[in-house]
Amino acid sequence: MTPPPSNLRPILLAEDNPNDVELTLSALHSLNLANEIVVTKDGRDALDWLHSQGDYAGRPRPHPAVLLIDLKMPRIDGLEVLRQVRADPSTRTMAVVLLTSSREESDLVKGYALGANAYVVKPVAFEQFIAAVNQLGVFWALLNEPPPSQPLPPAAP
Amino acid sequence: MKFRDRPLRLKLGIALMSISVVMILLICGAFFVHDYVLLGRNTVRRVATLGQLVARNCTDALAFQDPDAARELLGALAGEPHIVEAALYDQSGRLFAKFPAALADAAFPSHPAAATFQVGASEIEGFQPVVQKGRPLGSLYLRFDRSAIFRQWFADSAGIALLVMLGALGVALACSRAVQNRICGPIATLADTARQVAERNDYSVRAVKTSNDEFGLLTDTFNQMLTQIERLNADLERRVRERTAQLETANRELEAFSYSVSHDLRAPLRHVDGFSAMLRKHAETTLDEKGKRLLNTISDSAKRMGQLIDDLLAFSRISRSQLSHSDVDHDALVAAVIREGRHDNPALEWSVAPLSPVRADPAMLRQVWSNLIANAVKYSGKNPRPRITIGERDEGGERVFFVRDNGVGFDMAYADKLFGVFQRLHGPSEFEGTGIGLANVRRIVTRHGGRTWAEGKVGEGAAFYFSLPKATPTPSSSYDTAPLQPAANIAG
């Protein structure tokens with residue numbers, strides 16, 4: 001079974017703040033992407049979705065085009081999600097973009113050390129924010145070619 | 001090495017030995033002189049005694065006018081090796097007999113002189129009357145070579161003197177050793193202890209007291225000082241530990257605070273701006289001009305607050321980040337800052353003097369120049385002939401760098417406020433900016449051990465100065481103790 005092309009793969013947005021979700025979705029929707037956009041309210045849900053477990057049990061294992069993950073979330077935060085994604089052979093090669101309000105150097109260092117593909121600071125100014133999210137969407141959903149050898153073992157029960 | 005820099009022990013030894021040698025030489029000299037005088041007197045007496053003896057023996061020879069007997073008597077003088085010549089004169093003063101017999105008559109005095117012996121440089125000569133029972137019969141002449149006696153005496157005396165001197169020097173050396181040990185020992189011990197303290201920073205050692213004299217007092221005082229230093233040191237270390245712990249706590253809190261500001265304060269601002277933009281779009285057709293203006297104000301304020309938060313975070317980062325010093329090519333750095341600033345006003349005239357290389361954190365120093373130059377460009381922009389001068393002054397222990405412009409200047413009454421956080425002398429409509437730049441400059445320069453100040457006059461321009469110490473500053477702790485500006489200033 002070959003993975004679907006990236007423009008048909010879902011985009012995961014892990015973001016706890018509903019306002020940020022609305023703004024991000026508004027920006028992504030303005031691109032008229034064909035990709036499904038899945039939103040989880042924290043890192044725990046994001047990992048469940050990735051592994052088709054918990055609330056997402058029984059669904060086929062997703063092959064997301066990109067994971068857009070907020071750094072600061074309840075229960076499991078963005079860095080921990082990234083660590084677990086990289087630690088698991090079935091998700092190791094997924095594209096992970098850390099989205100955050102913080103320009104703190106320690107976060108940048110930790111994010112890249114854990115293997116983030118990109119680190120994007122959400123601009124305060126709305127126009128810049130829209131532009132940033134648009135560029136992310138275009139790049140990861142349309143432009144970027146995902147790894148062909150992405151392992152896709154059968155969905156866990 | 002100069003004599004005064006030599007060890008005390010050596011100096012004392014040399015002094016004692018010099019004194020001893022001088023004393024010994026003086027004493028030996030005195031003995032020599034005394035002995036010499038005595039030797040002269042004794043020799044004369046010996047010659048006189050000899051003369052009397054020979055004269056008495058010669059009375060018969062003269063009385064009976066028997067020259068053979070006289071010659072034989074004088075010939076016996078050969079047994080006395082120092083007698084060079086001897087002669088016998090009769091009553092009329094005629095040479096009667098001579099010794100040595102082979103010597104010509106002319107070699108002897110032609111007639112007898114007064115009865116006395118003269119001491120010459122190497123000889124003693126003189127006449128001794130020959131008398132029999134109060135009747136004068138003639139005169140005996142004797143010439144005595146005293147140089148051999150003198151040489152013998154000198155050899156003996158010099159040998160003895162040498163032995164005495166050596167012996168005395170030996171004793172003097174031993175005595176000076178003892179004195180050296182007595183005096184230098186405690187001083188050397190004290191000096192050793194002091195060196196130990198200085199080299200190892202070990203204030204727990206104590207000097208050993210060996211006597212109750214001035215050295216004992218000195219040792220006691222020294223030990224008391226050590227005790228005091230040790231106590232003060234321990235106290236200081238304890239206080240440093242306490243302060244460091246407090247600072248570390250404060251720093252952790254500050255980091256948590258700025259992390260929180262960075263994450264949590266910006267999100268609502270983004271929402272304010274985002275949703276007001278969405279509202280503007282949503283209600284584009286129904287909103288009147290006033291409504292749009294109000295929405296724009298909300299949006300602008302949110303953006304401005306976002307900028308202020310960013311500036312404040314950057315400012316606190318300057319205080320928290322570790323300085324990494326390296327040698328900075330100042331000229332290249334300033335040239336790069338000017339070039340990268342893309343100050344495209346063609347009327348702008350630059351005058352940049354050569355600057356000394358310094359040792360500083362290059363990234364931080366770059367921020368200083370970048371801020372000062374950007375300010376100069378900004379505030380001189382309204383002058384039709386803007387001019388910016390960059391230079392350096394040498395002021396004693398520090399180098400003073402400056403950026404001068406002929407821009408709008410400022411009132412010196414506010415000179416100190418300029419460097420406060422978010423302090424501005426102009427409204428955002430006149431010149432844009434949040435007022436963090438000079439606060440950053442001051443914080444960076446202070447962390448490098450320097451100072452910042454400004455001079456200006458309204459309408460005539462301004463000059464901003466910062467100094468850097470010439471010596472490399474001691475590595476600054478990562479914890480900057482300088483507090484943020486008072487809240488009143490931030491609000492201002």
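This is a predicted model: local features need pLDDT of at least 70, side-chain atom pairs count only at pLDDT 80 or more; totals for chains, interfaces and linings use all residues.
Trainee: Before we start, what should I know about the numbering and the cut-offs?
Mentor: Residues count from 1 along each chain as its sequence is written, and chains are lettered from A and ligands numbered from 1 in the order in which they are written. Local features need pLDDT of at least 70 and side-chain atom pairs count only at pLDDT 80 or more, while totals for chains, interfaces and linings use all residues.

Trainee: Which strands stand at the edges of the sheet in chain B?
Mentor: Strands (E, at least two residues) and helices (H or I, at least four) are DSSP runs numbered from the N terminus, and strands pair if DSSP finds at least two bridges between them. The open, mixed sheet runs β7-β9-β10-β12-β11. Each edge strand has a single partner, so one side lacks a neighbour in the sheet: these are β7 (349-352) and β11 (452-457) of chain B.

Trainee: How do α6(B) and α7(B) lie relative to each other: roughly parallel, roughly perpendicular or oblique?
Mentor: Axes are lines fitted to C-alpha atoms, for helices over the stretch in contact, and angles run from 0 to 180 degrees between N-to-C directions. Helix α6 (330-340) and α7 of chain B pack at about 50 degrees, with axes 10 Å apart. Under 35 degrees is roughly parallel, over 145 roughly antiparallel, 65 to 115 roughly perpendicular and the rest oblique, so α6(B) is oblique to α7(B).
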